[in-house]
Amino acid sequence: MIDIRKDPRFKGIEPFAGRLWLSSPTMHGDEQRWVDDAILTNWVSTVGRNIDEVENQIAEYVGVKYAVGLGAGTAALHLATKLAGERLYGQALPNEGTLAGKRVFCSDVTFDASVNPVAYEDGEAVYIDTERETWNMDPAALEKAFEMYPDTRLIVLAHLYGTPGKMEEILRIAKEHDALIIEDAAESLGARYKLGGKWVETGALGDYNCISFNGNKIITGSSGGMFLTDSKEDADKVRKWSTQSREAAPWYQHEEIGYNYRMSNIIAGVVRGQIPYLDDHIAQKKAIYERYREGLKDLPVSMNPFDAKKSEPNYWLSCMLIDEKAMARHIRGERDEMWDTEPGKSSPGEILAALAAFRAEGRPIWKPMHMQPIYRTHKFVTTEGNGRGKSNAYIAGSGIDVGADLFRRGLCLPSDNKMTAGQQDKVIEIIHRCFL
Ligand SMILES: Cc1ncc(COP(=O)(O)O)c(C=O)c1O
C-alpha cells in the first residue's frame, strides 16, 4: 500500500477543490416548481397531478402503454417478480412467496436490488455468467442453464451501467423455453436496442419492466421508481398492491397481501422537473464516455463495451478494464484489500485509491451476485455449465467466470454529468500516473 499523496508519480497534481462524484443528482430548477405545485395545492400524498404527468410522460418516452409510479425501483422489481410468480405458479398463501421452490435465472453482475425480490418471493436465484461484449447476461450461459434446469420459467435481466444486453438472443431463448422476462432497466433509462430493425427503449423489452429514479440515476426524483407494461391488468394490479391492496369497500377490506410502495406526488414533482433533461443528461454522459475512451487509449485498458450496431447506451457510468498483462498485484478479502505498485502496471485498488486521494469518486465493478456471501450457496452457470465446484486437488478446472474477472480488473470512473472537461482531463492524468 502507498500514500498516494506522497508518491512522486503524482507530483504536481493538486486535489480537486470540491469532490468529484461517480454520478450525483443534477437539479435544474424546474423540479422546485412542481414540488411547490404539490405543496401549494395540498396534493402531497400518493395521488396528484405530478404522478399522473410523470406516468404519462415516461410511458410515452419508453413506448409502453402504462407506467405505475412507485417509491423505488426495488419496489417495482418486487411487484414485477410477484406478478410473474402469480402468472406462472398461481396465487400464494399470505405467508408464502409466489416463487416458493422455484428457480429463477438472474443476471450475475448487477446491483443486488435486481435479484433480492426473487428471495422476497421465496424463489431460488440461479446466477448466469456474463459475456464480454456488453457485460450483461451471457445468452450461451443462459442456454446452458435451461439445459440443466429445463423447468425454469423466469429470467431477471439487468442492463449494466446503461448498456443494453444481448436482447435478441435472450428474447429468442426465453421464447423457446416459454419463460417470462423481468427487465431491470434501473440503470438504462433512455438506452435503446434495435429489434427486428426497430429501435426499442430498454424498459419496453421484457414481460415486466422496471426503472429507478434513485439519486445516482440518469434522472432522479431523489428516490422513486416505476413499473412499465403494456398490460392494463398488470398495471392495475401493481397500483392495487402498492397501496396496501385495498378492495372497493366502505371499510378496509383486503383479499390480498398489500404493500406501501406508491410514489408520492412530491417525489413525482422532482421527476417531472427532470424528465425534460433526460436527453441532455444522456448526451453529457456520452461525451464523458467518449472523452475517457480518447484519453485512455494509449494505456493498456479498455472501456465498458457495447454493440454499436444494435444498441445505443445511455452511458450512465463510464468504466474501464485493465488488460491482464498490465494488472499489478491486487488482493481483495471480504472487506479489505491490498495492492502493490509495479512499473507499467496498475490495479483497480490503486486507481480508486489515487482518485479518492485527489477527491474523485470511482467505484469497483459491482461485485457479482454469485460471489456475495448472501448468495454464495446459490447455483452459478457459465458457458460450460455448473460454474461451481469445477476444480479439485487434482483437476485445475477451466476457471471460466467472466463476472469475477470484470470485478477483478475493472472499475467505474467518475461519471458525473456536471464534471467539466478540465476536471475529467485531470482524472485521466491521474490514471496515467498510476501506470508509471
Ligand atoms: C440495476 C439496479 N436495479 C435496481 C436498483 C434499485 O433501484 P432503487 O434504488 O430505486 O430501489 C438499482 C439502483 O439503485 C440498480 O442499479
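For the packing angle I took each axis as a line fitted to C-alpha atoms over the stretch in contact, with angles running from 0 to 180 degrees between N-to-C directions. I note at the outset that this is a predicted model.

Helix pair. I looked up helix α9, residues 278-295, against helix α12, residues 421-434, and found that they pack at an angle of about 35° with their axes 10 Å apart. The crossing of α9 past α12 is right-handed. On the α9 side I listed Ile288, Arg291, Tyr292 and Gly295, which meet Ala421, Gln424, Asp425, Val427, Ile428 and His432 of α12. Sorted by class, this contact of α9 with α12 holds five nonpolar, three polar and two charged residues.

Ligand. I then turned to the ligand and found 15 residues surrounding it, the closest being Thr74, Asp184, Glu187, Ser212 and Lys217. Looking at ligand oxygen atoms, I noted one 2.7 Å from a polar backbone atom of Gly73. Side chains also contribute: a polar atom of the Ser212 side chain lies 2.7 Å from a ligand oxygen, and a polar atom of the Lys217 side chain lies 3.1 Å from a ligand oxygen. The protein covers 92% of the 380 Å² of accessible area that the ligand has on its own.

Conventions
Residues numbered from 1 in each chain as written. Predicted model: local features only at pLDDT ≥ 70, side-chain atom pairs only at ≥ 80, totals over all residues. Heavy atoms only, no water. Helix = DSSP H or I, 4+ residues; strand = E, 2+ residues; numbered from the N terminus. Left-handed = near helix turned anticlockwise from the far one by under 90°. Contact = heavy atoms within 4.5 Å. Nonpolar A, V, L, I, M, F, W, Y, C, P; charged D, E, K, R; others polar. Near = heavy atom within 4 Å. Polar contact = N/O pair within 3.5 Å; in protein donor to acceptor, adjacent residues only side chain to side chain. Areas by Shrake-Rupley, 256 points an atom, 1.4 Å probe, with all protein chains shown as cover.
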